[in-house]
Number of protein chains: 4
Amino acid sequence: MALKSAEQYVDSLRKLQIRAYVGGERVEHVVDHPAIAPHINTVAKTYELAHKPEHRDVMTAKSHLTGELIHRYTHIFQSTDDLIKKIQMLRLLGQVTGTCFQRCVGLDALNATYAVTYEVDQAEGTDYHTRFKKYLTRVQAEDLMLAGAMTDPKGDRSKRPSEQSDPDQFVHVVERRPDGVVIRGAKLHNTGGINSHEILVLPGTGLGPDEKDYAIACAVPADAKGVVFIFGRQSNDSRKLEQGCDAGNPRFGVVGGEAMVIFEDVFVPNERIFLNGETKHVGQLVTYFATWHRANYGGCKGGNADVLIGATAKMTKVLGTDKNAVVKDKLIEMIHMNETTYASAIGASAMGYALPCGSFMVDPMAANTVKQNITRNVYQIGRLSHDLAGGFLATMPDAKAFENPEISHLVKKYHQAKPEYDVMERVKLGRYIEGMTSVTTLVEAMHGAGSPQAQRIVMLMGAKIDEKIKMADAVLNGTDDVEGLPLPGAPKKA
Amino acid sequence: MALKSAEQYVDSLRKLQIRAYVGGERVEHVVDHPAIAPHINTVAKTYELAHKPEHRDVMTAKSHLTGELIHRYTHIFQSTDDLIKKIQMLRLLGQVTGTCFQRCVGLDALNATYAVTYEVDQAEGTDYHTRFKKYLTRVQAEDLMLAGAMTDPKGDRSKRPSEQSDPDQFVHVVERRPDGVVIRGAKLHNTGGINSHEILVLPGTGLGPDEKDYAIACAVPADAKGVVFIFGRQSNDSRKLEQGCDAGNPRFGVVGGEAMVIFEDVFVPNERIFLNGETKHVGQLVTYFATWHRANYGGCKGGNADVLIGATAKMTKVLGTDKNAVVKDKLIEMIHMNETTYASAIGASAMGYALPCGSFMVDPMAANTVKQNITRNVYQIGRLSHDLAGGFLATMPDAKAFENPEISHLVKKYHQAKPEYDVMERVKLGRYIEGMTSVTTLVEAMHGAGSPQAQRIVMLMGAKIDEKIKMADAVLNGTDDVEGLPLPGAPKKA
Amino acid sequence: MALKSAEQYVDSLRKLQIRAYVGGERVEHVVDHPAIAPHINTVAKTYELAHKPEHRDVMTAKSHLTGELIHRYTHIFQSTDDLIKKIQMLRLLGQVTGTCFQRCVGLDALNATYAVTYEVDQAEGTDYHTRFKKYLTRVQAEDLMLAGAMTDPKGDRSKRPSEQSDPDQFVHVVERRPDGVVIRGAKLHNTGGINSHEILVLPGTGLGPDEKDYAIACAVPADAKGVVFIFGRQSNDSRKLEQGCDAGNPRFGVVGGEAMVIFEDVFVPNERIFLNGETKHVGQLVTYFATWHRANYGGCKGGNADVLIGATAKMTKVLGTDKNAVVKDKLIEMIHMNETTYASAIGASAMGYALPCGSFMVDPMAANTVKQNITRNVYQIGRLSHDLAGGFLATMPDAKAFENPEISHLVKKYHQAKPEYDVMERVKLGRYIEGMTSVTTLVEAMHGAGSPQAQRIVMLMGAKIDEKIKMADAVLNGTDDVEGLPLPGAPKKA
Amino acid sequence: MALKSAEQYVDSLRKLQIRAYVGGERVEHVVDHPAIAPHINTVAKTYELAHKPEHRDVMTAKSHLTGELIHRYTHIFQSTDDLIKKIQMLRLLGQVTGTCFQRCVGLDALNATYAVTYEVDQAEGTDYHTRFKKYLTRVQAEDLMLAGAMTDPKGDRSKRPSEQSDPDQFVHVVERRPDGVVIRGAKLHNTGGINSHEILVLPGTGLGPDEKDYAIACAVPADAKGVVFIFGRQSNDSRKLEQGCDAGNPRFGVVGGEAMVIFEDVFVPNERIFLNGETKHVGQLVTYFATWHRANYGGCKGGNADVLIGATAKMTKVLGTDKNAVVKDKLIEMIHMNETTYASAIGASAMGYALPCGSFMVDPMAANTVKQNITRNVYQIGRLSHDLAGGFLATMPDAKAFENPEISHLVKKYHQAKPEYDVMERVKLGRYIEGMTSVTTLVEAMHGAGSPQAQRIVMLMGAKIDEKIKMADAVLNGTDDVEGLPLPGAPKKA
């Protein structure tokens, strides 16, 4: 069967020779590193749940290529129902893990490449699509964990790729051989790459006709020669290593375990190249990816906020404030913001439409509103959580203080809230809330899938202001009044 | 065919002897009154568009009772697709009329009565549902305009219906006869009733077992003996009567032409009674109605805001500010808020589910977020429109000043913005924006389908806080880690 | 004494032959017109209160020119205490009238002209200041009502005054004579001009060196030949004429009775000219005026909001919702927003500083934040008021319905809330809230004293971003650590 | 002279035998611990700046007890000017340190005790005030660093002190001796205590007449027997210990170095007791302290935000986005929020009034709005900073990665933005922004000086809703119209 178990996923990772640096130092093997384990744990959960009968409907799908049962994380969206199920899967996984589970970037990158290779072939007479389907068939059959890699370092933001003083600020082809190409550059904020099987490298921005070398889309094994991962530093990352009650989310990671992935002249054979110089299709590829990905945030962040709301509500019980009407009103506000983005993501999916290749795209306007609201709501939800949880979030002593026999009795005594709750329960809730509202978490929600301004540009274009102006003109000056009906008493035409 | 033309609608209205007061005075016939004509015009548009081939798909449906093609405004929702189509119909009508088109209350009241009569019959052994289906068949066949009537005056808000010092503060049965009942009371904020064929009277609040007389649902012809309509005063209503460029929306009404409808001991024959004393089902009836209705606002207000955004964008062109980046950013913010609620309303529909009677209900949580956001966004959208349109909204002279030859040249000269736009265009845009952001318009959006707090109560109940607490507990303390997998380097169980 | 009584103010107005159009028609005398009377009433209150011993401290001042007791509305600010007292006067008047009392524009225009004439004379060797002091002495001695006139029509907003296709879009000199100049153009949104003694005309925007004809500041009697007032249309203005309970604020006006004032080739004699071609000082004049004026909004709107909050709180008592914790929380939010801007206006005053001429300017940054917050808060305060007051704001019948004996018993019965409150009390509260949150009121708060973007431009310039960057540099890289102190354990210098 | 140098402050600290736990472990001496050094550095800056001639005016004052020049941090506020100067001092220190400088709690606690001891003596015939003045004279003469200690652990928040199952949840007297009392309990969130000379212990909540043992105010040397400090864990605290570029603010602390301070049966001699059982005065003491303290946030957070805005603006230059109009608009929004609270704090000070003892209190309403706005604005300011600074805040590698020769060239290359800026500049800016928006920082701003709801309760009481209702009544129904003036055309009295 095409569904890996959690154990198989970890075993398969172990076989890879991923070159990675964590905390600035080379790690022997990513699977053995305690900073990466929580992220592996989280992905493992995506594999595990696909085997649970109660979740099979949302976690798996039938491959349109082979008819096989596959993980939904390797599926090409065939209908609006598939789009909706994806959002439901994300909310479920968000609720179970309380964090980012990393596989969405790969999924949307697969779908974007699938759709654009079809369109490029139609327009240019190439055969990328057949090549990509072969690759996809293997991904589905082996239930691979894929990391999409989009965001280039970008250097001076006021300049285009070809204008940068360092040409490597965007991944590009530095050598062309008969059997493939050599690429150089880096991708930032790479979610899950460090514990993936494959990296799907896509351009991160639209390109001009003179920027052919930057128009490269390809798949690279995570342990290919020349690939280096440098793990990002997360807020309070060292607490994970302590493995005590300060860890926050004790079993799972904080956001996606993002890393820089650097391509030091990496060779990519032809069968793994899915776009190569067709600059005018790059904008579409970026847009497809971003649109699907922006809708996702209504699902995953919805599930995460469910856990945060639950933790906050629990805290009010621990403190004895849960009966207060204003406290309830603040919980409602958290719920309201969270359900707004979830409903919009479902709406974006329900309004999906078929692309030329036959797969389904979410409604772009709706998808962009989802992400835009997320970039604001996570801060407001965090604020309300801090409000209700109390000032001890800022001043609680270390886990060690709760363990040191000289003072543990004092520390515990003076953190005890309602007697019926264990004091360590309160501590863990506090640390979890801290983690869920840390800078790393907030910034990921702000900038993941594109910064706020990126969404606004799409909205302005998508709003078709000229059509709205026509609507206003028609209402104000229209002459198509009730068909031929001289309405008694109707106002005269202006 | 079951689809009336706009003309037939007006003709059929004319046949009714509706007793109405406008401006505090008895009107001879509603069809002839210039204050009501714009509202009739608006409803006529709903009839007209059902005949347009390009809109047939959203404007009509197939009756599940007869298989006939019927107006969607008389249809019982048979699927999530029906729910989505309703929202699309509302946005279309909102765009075409730039105002409220009134028939939604009747539609949702029909659906609520349909669903609850079925449930009451199942629970109590009554036969309201059959009776109601007969009534509904006629409504569909004759394409009737129905006004739902829900909101009671409520007197002292801290007291229940039976505790009020005036028992008539909620509509109730004052006499029971073998062939029917006599009802007394009033319904406020009645949208479209004054130009409807029928009033569907439903209880407006949950009831206790001792409040049987208040548990009455029934249909009353708009011109039944004892029914009196007292038209509400709208902001700037007298400008409509001037029929000049100060009218705002020149052809259509401002919001729904709301009226008080008073039942002065109105007799209702048995075949028009759909609930009569079954107090414990009243809460469900109210909830069903409100839930469908709250989702609507993402459609109709979406369409209205499209026109307002169009008018505002046009104004920036007239003023010469349209190239400014911050001006564009404000238009984007208007678009963003508008599309958020539209997407959520589509999401609420896509998440719909079948009720016991077989018809479809929208997702309650999503529907309530839609309305809650509307109660805030209309103010923000209005604010941004005022910001971009400029201060002349507050100080522009009367239409007559633009006509009086002594001064019209001056008034026009000094209201001329960019020379390529006619000055009267600017004036009309300004008056339209004023109307769309008037107190009547804002307050309707605030309180229609239930005040903000009503939505919050539903959200709190629907959020299942206890389940979210369990999710947090599982994340923090769960022991169901990756199946039997001693993850290398995994953090120890807390 | 230099303090007119209210009666003297009205009598003196009556002596003027002001040419005015209201509702597009020429009025015989402004004092006799029911649309203008409420505004005259409001200004009369400013005269009346100066005679009340309990208000003398805030309502009057000692002239720095003559040592006489004068109305504070003709005073040149001599200290931060004067600036604070002005804000206190505004809040008092706002509380007493519940609306705009119009004299602030004239006051700030007097102060701006006073300060700039001094600076121009210093720089250019002119003698405008002496001339202006003579004029001011008369204004103080006669306690004149002055209207400042700043805002030009502006035509195409993307063009400068000299670039407009119609040169009259900004007031300018069209003829120069030995004894004076002839001006042409119009000023919009002119507050109180129609019931003033004098108009102080100032340029409305900074000018280039080639725009000398636009650099004109002068005083014009309100009934000078060639001056025409065209009264603006306010939301629901016709209700004032009905003089019944729908009037809103029954005795006082809605905002400032703004009018267009048109200068049809008006001759201004030399002794009334205070700037004439000195283009490089115009920007300063505009800035001085705007800065003082923006701070004002924390006072006047504070007083107005006090009345609105009072009306809303009263309404919750009438409805029986006043004990609800969430209702109280919404009132608190209204209070919070209102007090924020009041405190900031006091702060702006306390941070005032002496200008070259010796008078006092408020802190520009603080003054601009006041106005910026006002442009947002009036909408939020209005929203909360609507929320608490209820849907009847949108649907309440006309005053006549409460009077028509056929239906008045029904209309009253079904608007009765808690029995202990008279039903007409509720009606009047509702109409007052409607008036205070009408488009005219909101837009005045939005655009008066400059549109939101105008404030933001000032803030950006005033923020001295470069100094803040230096602060950040010093914190991050500073070497001035604790003087010569090798702090044990201190982090090493970066 | 009564002004310690920075060096003298550190030397004097070294002489104390403070019992403290950091990271859960006993530290030998606080002065030698690298986690505490940044906080000592920050306080040292307050001593240092008092010696700078350019800052003397805001940093020092003349003692009203001795006439000596003293540090403003030991001064009793003698005028509104003193109150304003305090806010100016806080903004200056906030700009210089970019963090919390800790001495405000002690200052406001000194002032609250000064004022209340006077009032208690007047009411009860005690002589606490004389005793306190003696203590204060020493504080001023020795320029002591004082930490106020207010917040009790509070246990079950739905219960009063005397109802708690553990009586020690609020600090209380457990033994009374002729020469003093023995106290037990703890104070949380104690700012600066760990590096102070003295702790001023005040009750943290109003008390009932049966809670005399909790009504205890007293001064305790920081190294008194039985006093234990347990240092709080801050977000990313371990990075400070690394002393590299990940430290954030490299020289100064993150917020105030808050600690739990535990009183394990600490003996307090009579001359250090300033309230002892006078329960009915405790509420006033708490209110006085909180009111002064809430206004402070407009000063200190203003200065901190200046640095954050500076760092963010610098970042936009480094990235090359600084010319973008929308980027500028976001900076303006940050500035606007920041200046709003600063202006309000100045306003609160300018509206100050004399207390019975002769010292000056800030305006309570204004002070509470300051803090309420802070609890929201820090999140919005943080959000905008994250928006402009970019996603690398969440994913930047460790300092060690920038140092490890295997990868440092890659990490630097791909973090280089505009070539003219050093890459490490960008890194440091990012880490500083991360620190300034971390959970510890945000939560301190949220809950310091009282949680948001505490401010709202004060606002509701202070708003005098009944007076506002009277204002509305007067406007709507007033009969005191323009004195005896039958205004022509005036609307009839309602």
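Entry 1, symmetry. I superposed chain C on chain D and got an RMSD of 0.0 Å, with a turn of 180° and a shift of 0.0 Å along the axis. That is the relation of a two-fold axis. The same surface serves both copies, as 99% of the contact residues of chain C recur in chain D.

Note on the source: this is a predicted model, in which local features need pLDDT of at least 70 and side-chain atom pairs count only at pLDDT 80 or more, while totals for chains, interfaces and linings use all residues. Residues are numbered from 1 along each chain as its sequence is written, chains are lettered from A and ligands numbered from 1 in the order in which they are written, and side-chain values use heavy atoms, with hydrogens and water left out.

Entry 2, the contact of chains C and D. I counted 88 residues from chain C and 88 residues from chain D in the contact (heavy atoms within 4.5 Å). The two chains bury about 7700 Å² between them, 63% of it on carbon and sulfur atoms; this is the accessible area (1.4 Å probe) that two parts lose on being put together, summed over both. On the chain C side, C:R251, C:V475 and C:L476 lose the most area to chain D, together 9% of what that side buries.

One I checked is C:K468 with D:D306, whose closest N and O atoms are 2.7 Å apart. Helix 9 (residues 325-350) of chain C gives the largest share of the side that touches chain D, 14 residues; helices here are DSSP runs (H or I, at least four residues), and strands likewise (E, at least two), numbered from the N terminus.

I read an open sheet of six strands in the order 2-1-10-11-7-6, with mixed pairing; two strands pair if DSSP finds at least two bridges between them. Strand 2 (25-26) and strand 6 (172-177) of chain A are the edge strands, each pairing on one side only.

Conventions:
Salt bridge = Lys/Arg side-chain N within 4 Å of Asp/Glu carboxyl O. Least-squares fit on C-alpha atoms with pLDDT ≥ 70 in both.
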